[in-house]
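Hello,

Here is the structure for you to look over. My notes follow below it.

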Amino acid sequence: MNKFDVIIIGGGLAGLRAGIELSGNAKVAMLTKVYPMRSHSSAAEGGVNAALGNRGDNKEDNVYTHTYDTVKGSDYLADQDAAEILCKEGIDRVYEMEHWGVPFSRTEEGKIAQRPFGGGSYARACYASDKTGHALLETMYERSLKENLFVFNEYMVLKLVVKDGYVHGVVALSLRTGEVEGFIAKTIIIATGGLGRIYSFTTNAHINTGFGNAIAYWAGVTLKDSEFIQFHPTGLPTTGILITEGVRGEGGILKNRLGERFMEKYVSMKPPELAPRDIVARSMMIEINEGRGFPDMGGYLHLDVTHLDPEIVKKRLSQIRELTISFMGIDPLKKPIPVRPVQHYSMGGIGTDIDGATNIKGIYAAGEAACVSVHGANRLGANSLLETLVFGRRAGVAALNYVRNERFNPSESYVNSAVVEIKSKIKGLFNKKNGGTESTKIMHELQQTMDKYVGIFRNQIGLERGIEIIADLKKRFEKVGVSSKGTTYNLELIRVLELEGMLDIAEVIAKGALARTETRGAHFRTDHKERDDTNWLKHTIAEYTPDGPRFSYQPVLIGKYKPQKRVY
Ligand SMILES: Cc1cc2nc3c(=O)[nH]c(=O)nc-3n(C[C@H](O)[C@H](O)[C@H](O)COP(=O)(O)OP(=O)(O)OC[C@H]3O[C@@H](n4cnc5c(N)ncnc54)[C@H](O)[C@@H]3O)c2cc1C
């Protein structure tokens, strides 16, 4: 059987960064559902934050202004030790990426260029045109090729083998051969990315199903703050393709159907379009719901860059221009871009400490799948790429310590039994009658339910209805089988396996949202409109039980920045 010191699940930025840290010091396998370069990290557009102070107008920027912005942006739910680490170590990590070869856009003096992003008091998003994620991932991937990593491409992990409080390995499906294989290791790093596909209208790639969170949850790893889901203000209507916040950073203006720069009504900061995402997305939905949006395509507003120097758009926002031309038939140089808020990011996830450690010995997590927590109730744009670099590395360091110091041998027989269990589960799915379109129908109904009841605006009645529907869908899922019996890239099998996880994670999100009777960051309750620090300045912890999540709560680590009213 395959035996390693560490198994990393996921080949995005967080997984690769952890792998590079470990390589040479431990025997490391990386299992990834898609080839690393196809990970969602490559879709990131706008930038990665770091207080470099590279522009005339941001010389004063420093670790503490960045930390303060992050904590205020999080509506005080971020753990402040974690936020400070993000901002401090982030500077080194961004320079490291520069030295490894990322083709960052440049200032006239040749320094890394920086643009303003939402909720930041200084222009601190470092960018490579509007393809920052692609540039980072390509450089990180090339770097990883020099390292000693055993990469298993197109392997989907289906189970973490946890027994007696320790992890012993994983069971994975080779998507190419249909073979179910066991991998032994005493340390696992989960870096499986986001869960946007639990929603219907999302910027996320089809691979972002949150399955990594589900397998962790089933294995007894606790999830943290899952109810906090980010909606990005500007997606293209109908497809949900992201139009980066960098467009507003470069001076793009949001307008309603009456041509009003409506954000001025909602915030007093300048420019008002650069308020944090939760506030802009909500304001946009109010405009649409009150009839000041354009009615077709589900309702939308305008993001206007026609007043900008066309050279800026061509150089710094070239991909945005291309996407808008290809998918909407509109050239942003000539006409405004149609946009509407869209699911984008999960602030919560696998609960970890500042070194990526979870509640189960030997299991670590990093990147979007994890909740450290640095984003609290609302993430600032360009802080997520940064998180993958900083906490991907830290998880690698901590995992290596664990490998060296923990005297414990993982059990091959536990992993073998888990392989038998998963094989029989898959056989069971093949034997059930209800294959074909039923799983797709359940998935679509789940996604619509999340959009409708667990979206930007939430309330008790809606959340209860959403939870009821999810429970019905889970019942229907029990009968679902797989009718396509192929072994090579069996997409129906993959969908059914992932759907089980999506249903459980959706339940955690919806029930966590129902329990939290306050408004904080992206979690807006129309029936509890105020933040309630007395009762709710705490992290939600969800533990798996066969009857649904069991919730408990943990205090937030407050440091220098005492909770204040959050005004922009
Ligand atoms: C369109 C878009 C634009 C964005 N723009 C920005 C931006 O400008 N700035 C910013 O800071 N953030 C941005 N974000 C967010 C940011 O890109 C992501 O949060 C971050 O890249 C996630 O990195 P990751 O390494 O955690 O996961 P990913 O890059 O998503 O990688 C996940 C990996 O896990 C693997 N995987 C998943 N499940 C399994 C399994 N069961 N078994 C094996 N492998 C598995 C996949 O193969 C993949 O390799 C953007 C996000 C989107 C969707």
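This is a predicted model: local features need pLDDT of at least 70, side-chain atom pairs count only at pLDDT 80 or more, and totals for chains, interfaces and linings use all residues. Residues are numbered from 1 along each chain as its sequence is written, and side-chain values use heavy atoms, with hydrogens and water left out.

A word on terms. Helices (H or I, at least four residues) and strands (E, at least two) are DSSP runs, numbered from the N terminus. Two strands pair if DSSP finds at least two bridges between them.

Angles here run from 0 to 180 degrees between N-to-C directions, and axes are lines fitted to C-alpha atoms, for helices over the stretch in contact. Within this sheet, four bridges link strand 2 (residues 6-9) to strand 11 (residues 187-190) in the parallel sense. Ile 7 has Ile 188 in strand 11 as its bridge partner.

A second open sheet has four strands in the order 1-10-9-8, and its pairing is mixed. Strand 1 (2-3) and strand 8 (155-163) are at the edges with a single partner strand each, so one side of each has no neighbour in the sheet. Strand 9 (residues 166-174) and strand 10 (residues 180-184) are antiparallel, joined by five bridges. Val 170 sits opposite Phe 183 in strand 10.

Two helices lie across this second group of strands. Helix 12 (residues 412-431) covers strand 8, strand 9 and strand 10, running at about 160° to strand 10. Helix 15 (residues 491-515) lies across strand 8 and strand 9, at about 40° to strand 8. Contact means heavy atoms within 4.5 Å.

Now strand 16 (residues 337-346). Ten of its ten residues are buried. Buried means under 20% relative accessible area, exposed over 50%, partly exposed in between (1.4 Å probe, protein chains only). Strand 13 (residues 229-235) runs antiparallel to strand 16, with five bridges between them. There, Gln 230 faces Tyr 345 of strand 16. Strand 15 (residues 301-304) also pairs with strand 16 in the antiparallel sense, over three bridges. His 302 has Pro 338 as its bridge partner in strand 16.

**Helix pairs**

Helix 1 (residues 13-22) and helix 11 (residues 383-405) have axes that come within 7 Å and cross at roughly 35°. This crossing is right-handed. A crossing is left-handed if the near helix is turned anticlockwise from the far one by less than a right angle, and right-handed if clockwise. Helix 1 contributes residues including Leu 13, Ala 14 and Arg 17, while helix 11 contributes residues including Gly 392, Arg 393 and Gly 396. By class, the contact of helix 1 with helix 11 has nine nonpolar, three polar and three charged residues. Ala, Val, Leu, Ile, Met, Phe, Trp, Tyr, Cys and Pro count as nonpolar, Asp, Glu, Lys and Arg as charged, and the others, Gly among them, as polar.

The axes of helix 14 (residues 460-478) and helix 15 come within 10 Å and cross at roughly 155°. The two are therefore roughly antiparallel. That label applies over 145 degrees; under 35 counts as roughly parallel, 65 to 115 as roughly perpendicular and the rest as oblique. The crossing of helix 14 and helix 15 is left-handed. Among the residues that meet are Leu 463, Ile 467 and Phe 477 in helix 14, and Val 496, Leu 499 and Leu 503 in helix 15. This contact has twelve nonpolar, one polar and six charged residues.

**Backbone points to check**

- The Lys 270 to Pro 271 peptide bond is cis, with omega near -10°. Pro 271 is in the loop between helix 7 (263-266) and helix 8 (277-289).
- Val 372 and Ser 373 are joined by a cis peptide bond, with omega about 10°. Ser 373 is in the loop between strand 19 (370-371) and helix 11.
- Asp 225 is not a glycine, yet has a positive phi of about 50°. Asp 225 is buried, at 0% relative accessibility.
- Tyr 489 also has a positive phi, about 45°. Tyr 489 lies in the loop between helix 14 and helix 15 and is partly exposed, at 37% relative accessible area.

Best wishes
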